[in-house]
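This report walks through one protein chain, a part at a time, and describes how its pieces sit against one another. Please keep the sequence and the structure in view while reading.

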Amino acid sequence: MRIAICDDEGALTAQVELLTACWSQERSCPCSVRTFSSGEEMLFETAGSYPFDLILLDIDLGGGQLSGLELARKIRETDIRTPLAFLTNYPGHVFEGYEVAALRYLMKPVTEENLFPLLDLALERIGRVSRYLVLEVDGEQCRVEEDSIFYLEAKGHMVLLETAAGPITVKISLSALAHRLGTDFIPTHRSFLVNLRHVERVGRGQCLLEGGRSVPVSRGAWEGLNRAFIDYYREA
């Protein structure tokens, strides 16, 4: 498992590294840890790409101009998936993490009791098996990974799937296709299903996804969509 730690306290970083090594040995799970002393250093070194399975951020970063929360916002501009967790001295900071979908808060000092469950959760998350759909496209059977689908749109007797590899159109009803999908797909409108994995923001009239994509949100669908979005990132 690949872990990044951004904290300006050298002693705390060393403690987290030591505990992570103990967890790695106990779980027989190889780990690599990369450390950064400031938000600016992390942004410069990673250049907007975060090849980690978990990022630990000190919410009270003092080694540069960026706070931990500001750094988290920067990360979320290009990466909505990588789990973030905050290190903090103050319980009051917990409510600030909802906007960046923080996985968890760890109160300092970091101990085996609060770090190990977080690492277990991150390991469980990356261990999830990808799901696939097999669809007939232009007379051929094609395999489509569910995680690659941003949203689905009903178009008469057809369904448009907006995917990372481009749009795919299949002859099937949206309701029939919905029964074959996992629980991450939620209706935003009678003609749209959205993959929560790619949702960045839920508004009352519009749902924003990665890459500047958006789909409409009907009045009747908003409450269920908003609750599903909150629960998805709380439990992820």
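## An exposed arginine

Arginine 204 is found in the loop between S13 and S14, and the model in which it is seen is a predicted one. Is this residue buried or exposed? Arginine 204 has a relative accessible area of 61%, and since a residue counts as exposed over 50%, arginine 204 is exposed.

Although valine 217 lies 13 residues from arginine 204 along the chain, the C-alpha atoms of the two are separated by 6.3 Å. When residues up to four places away in sequence are not counted, arginine 204 touches Val217 and Trp222.

## The sheet around that loop

Which residue of S14 is the bridge partner of arginine 201? The partner is leucine 208.

## A buried glutamate and its strands

Glutamate 162 has its place in strand S9 (residues 158–163). With a relative accessibility of 17%, glutamate 162 counts as buried, because the term covers residues under 20%. Leaving aside residues up to four places away in sequence, glutamate 162 touches Ser148, Ile149, Phe150, Tyr151, Pro167 and Arg213. One of these contacts, tyrosine 151, also stands opposite glutamate 162 in S9.

Strand S8 (residues 149–155) is mostly covered, with 5 of its 7 residues buried. S8 pairs with S9 in the antiparallel sense, over 6 bridges. The two strands form a hairpin with 2 residues between them, and in this hairpin glycine 156 takes a positive phi near 65°.

Within S12, phenylalanine 192 is the bridge partner of glutamate 153.

S12 has a further link, to S11: strand S11 (residues 185–189) and strand S12 (residues 192–195) run antiparallel and are joined by 4 bridges. Among the paired residues, phenylalanine 185 has asparagine 195 in S12 as its bridge partner. How many residues lie in the hairpin that joins S11 to S12? The hairpin joins these strands through 2 residues.

## A parallel sheet and its helices

Another open sheet has 5 strands in the order S2-S1-S3-S4-S5, and its pairing is parallel. Strand S2 (32–36) and strand S5 (104–107) stand at the edges with a single partner strand each, so one side of each is left without a neighbour in the sheet. The twist in this sheet averages 20° from one strand to the next. Strand S1 (residues 2–6) and strand S3 (residues 54–58) pair in the parallel sense over 4 bridges, and isoleucine 5 stands opposite leucine 56 in S3.

Helix H2 packs on the sheet, where it touches S1, S2 and S3, and the direction of H2 makes about 125° with that of S2. Helix H4 (residues 112–126) lies across S1, S3, strand S4 (84–88) and S5, and runs at about 160° to S5.

## Two helices side by side

Two packed helices are described by the angle between their axes and the distance between the axes. For helix H2 (residues 39–46) and helix H3 (residues 68–78), the axes come within 10 Å and cross at roughly 20°. Angles under 35 degrees count as roughly parallel, and H2 and H3 are therefore roughly parallel to each other. The crossing of H2 and H3 is right-handed.

Which residues meet where these helices touch? On the side of H2 they are Gly39, Met42 and Leu43, and these meet Leu71, Lys74 and Ile75 in H3. Sorted by class, the contact of H2 with H3 has 4 nonpolar residues, 1 polar and 1 charged.

Key: Residues are numbered from 1 along each chain as its sequence is written. This is a predicted model: local features need pLDDT of at least 70, side-chain atom pairs count only at pLDDT 80 or more; totals for chains, interfaces and linings use all residues. Side-chain values use heavy atoms; hydrogens and water are left out. Axes are lines fitted to C-alpha atoms, for helices over the stretch in contact, and angles run from 0 to 180 degrees between N-to-C directions. Angles under 35 degrees count as roughly parallel, over 145 as roughly antiparallel, 65 to 115 as roughly perpendicular and the rest as oblique. A crossing is left-handed if the near helix is turned anticlockwise from the far one by less than a right angle, and right-handed if clockwise. Contact means heavy atoms within 4.5 Å. Ala, Val, Leu, Ile, Met, Phe, Trp, Tyr, Cys and Pro count as nonpolar, Asp, Glu, Lys and Arg as charged, and the others, Gly among them, as polar. Two strands pair if DSSP finds at least two bridges between them. Buried means under 20% relative accessible area, exposed over 50%, partly exposed in between (1.4 Å probe, protein chains only).
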